[in-house]
Amino acid sequence: MDKKIAFLGTPNFAVPILKSIHQSNYKISCVFSQPPRKSNRGHKLNKSPIHLLSEELGIQIKTPENIEKEIDYIKSLNLDLVIVVAYGQILSKDILSLSKNGFINIHASLLPKWRGAAPIQRSLINMDKITGLSIMKINPKLDEGPVCNKYPLDILENENAKSLADRLSNLAAEKILPNIENILQQTANFEEQDSSTATYAKKIQKIEGKINWNDGADEILAKINGLYPQPGAWFSFENDRHKILRATLSKTTTRPGEIIDDELTISCGNKSIKVTEIQREGKKPQKIRDFLLGSKLKKGIILKNE
RNA sequence: CGCGGGGUGGAGCAGCCUGGUAGCUCGCAAGGCUCAUAACCUUGAGGUCGGCGGUUCAAAUCCGUCCCCCGCAA
């Protein structure tokens with residue numbers, strides 16, 4: 001009855017899920033994660049969140065540049081099941097054959113909607129009212145495998161990507177356990193996706209964060225929330241990038257980009273947004289009150305779309 | 001050795017290039033005005049200008065070095 005499970009994952013989103021499985025009765029034979037990358041200021045080598053967690057929990061961790069090279073090792077593990085959460089490497093047919101019950105992926109959308117890299121951000125930018133999780137079996141194509149369970153989750157008013165990711169991640173941590181049970185018992189029911197209704201969540205490009213004040217306020221707010229905290233939605237003023245971290249809707253409209261009052265309410269193409277938290281280039285995030293004390297962004301200034 | 005910005009009373013900033021009295025907005029304290037107030041007026045407290053060293057008659061300001069924070073890019 002001692003089933004052997006492996007876990008493949010990399011970013012923070014996967015952390016609560018690995019924790020949950022670890023705390024349950026299942027035994028994790030090995031964790032795979034992306035190798036430490038040179039990143040951030042100074043290009044230091046940083047281990048992935050899952051890498052760090054595995055070390056902390058004392059689980060065997062492997063971080064191959066290419067998982068294909070570990071194929072013999074994986075075979076030797078004699079795995080019953082593999083859980084994949086945002087691992088970041090393509091899994092070949094050869095790899096996928098090395099688990100008795102397949103490779104199970106948790107995807108942060110209601111498939112076949114938002115297949116691909118950035119489902120959470122895309123659902124927010126698209127102003128969806130609802131999203132969720134899909135538990136699916138990986139096949140060699142991108143997020144196209146058969147689904148055994150979906151868990152819808154309402155998107156809250158003015159919710160941002162971090163909050164939504166946290167909620168989905170926690171939901172996944174909870175729901176993965178009964179699914180593992182069902183799959184190991186062979187009682188899970190997998191259904192093919194209806195690919196004719198599929199949509200794709202393209203990877204986020206940094207340039208998408210640039211705000212166009214001619215857009216409607218709802219749209220701009222969706223961008224601010226969908227790109228929070230990385231890469232963030234921003235505008236330029238006096239050559240400084242100003243990243244808007246949080247904002248609320250406001251009704252007044254004047255000229256697009258015009259600062260309407262002394263509290264940094266900015267008119268959009270339709271309605272306006274009131275900035276409540278902002279981060280200037282090279283500065284820490286600031287509540288709008290603090291930011292305004294020493295700021296030149298006063299009523300009447302018109303922000304340009306550049 | 002990836003590129004770059006910053007550290008100035010409690011908060012957010014200006015001053016630095018072109019050395020020579022510590023400035024602005026806010027907060028705080030006291031007083032005044034007011035039916036009253038987060039509004040307005042007056043006064044006040046509070047700063048080793050990130051640390052150390054150097055140049056100079058004189059350093060927030062110029063030079064060197066160290067510490068800390070952040071943005072970009074990957």
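At which residue does helix H6 bend, and which proline follows within four residues? In this predicted model, local features are described at a pLDDT of at least 70 and side-chain atom pairs at pLDDT 80 or more, while totals for chains, interfaces and linings use all residues. Residues are numbered from 1 along each chain as its sequence is written, chains are lettered from A and ligands numbered from 1 in the order in which they are written, and side-chain values use heavy atoms, with hydrogens and water left out.

Helix H6 covers residues 161-184, where helices (H or I, at least four residues) and strands (E, at least two) are DSSP runs numbered from the N terminus. The 24 residues of H6 reach 33 Å from the first C-alpha to the last, which is close to the 34 Å expected at 1.5 Å a residue, the expected span being 1.5 Å times one less than the number of residues. The bend in H6, of about 30 degrees, is found at Lys175, and Pro178 is the proline that follows within four residues; the bend at a residue is the angle between axes fitted to the seven residues ending there and the seven starting there. At the start of H6, the backbone nitrogen of Lys162 has a side-chain oxygen of Asn160 within 3.1 Å, and just after the helix Gln186 takes a positive phi of about 65 degrees.

Side chains of opposite charge can pair when their charged atoms come close. The structure holds 14 salt bridges, a salt bridge being a side-chain nitrogen of Lys or Arg within 4 Å of a carboxyl oxygen of Asp or Glu. One of them joins Arg115 and Glu144, at 3.8 Å from N to O. This pair links distant parts of the chain, 29 residues apart, with Arg115 in strand S8 (residues 115-116) and Glu144 in the loop between strand S9 (130-137) and strand S10 (147-154). Arg115 is buried, at 1% relative accessibility, whereas Glu144 is partly exposed, at 22%; here buried means under 20% relative accessible area, exposed over 50%, and partly exposed in between (1.4 Å probe, protein chains only).

A further salt bridge, at 3.2 Å from N to O, is formed by Lys271 and Asp218. Because Lys271 lies in the loop between strand S14 (265-267) and strand S15 (272-280), and Asp218 in helix H7 (residues 217-226), the pair ties together parts that are 53 residues apart in sequence. Both partners are partly exposed, Lys271 with a relative accessible area of 26% and Asp218 with one of 30%.

RNA strand B is surrounded by 18 residues, the closest being Arg41, Lys283, Lys284, Gln286 and Asp290, where a residue is near a strand if one of its heavy atoms lies within 4 Å of it. Of the atoms of RNA strand B that come within 4 Å of the protein, 55% belong to sugar and phosphate. A sugar or linking oxygen of RNA strand B lies 3.3 Å from a polar side-chain atom of Gln279, and another such distance, 3.1 Å, involves a polar backbone atom of Gly282. For Leu293, a backbone N or O atom is 3.5 Å from a base nitrogen of RNA strand B. Strand S3 (37-39) and helix H8 (288-293) are the elements that give two or more residues to this surface, and H8 provides the largest share, three residues.

How values were computed: Polar contact = N/O pair within 3.5 Å; in protein donor to acceptor, adjacent residues only side chain to side chain.
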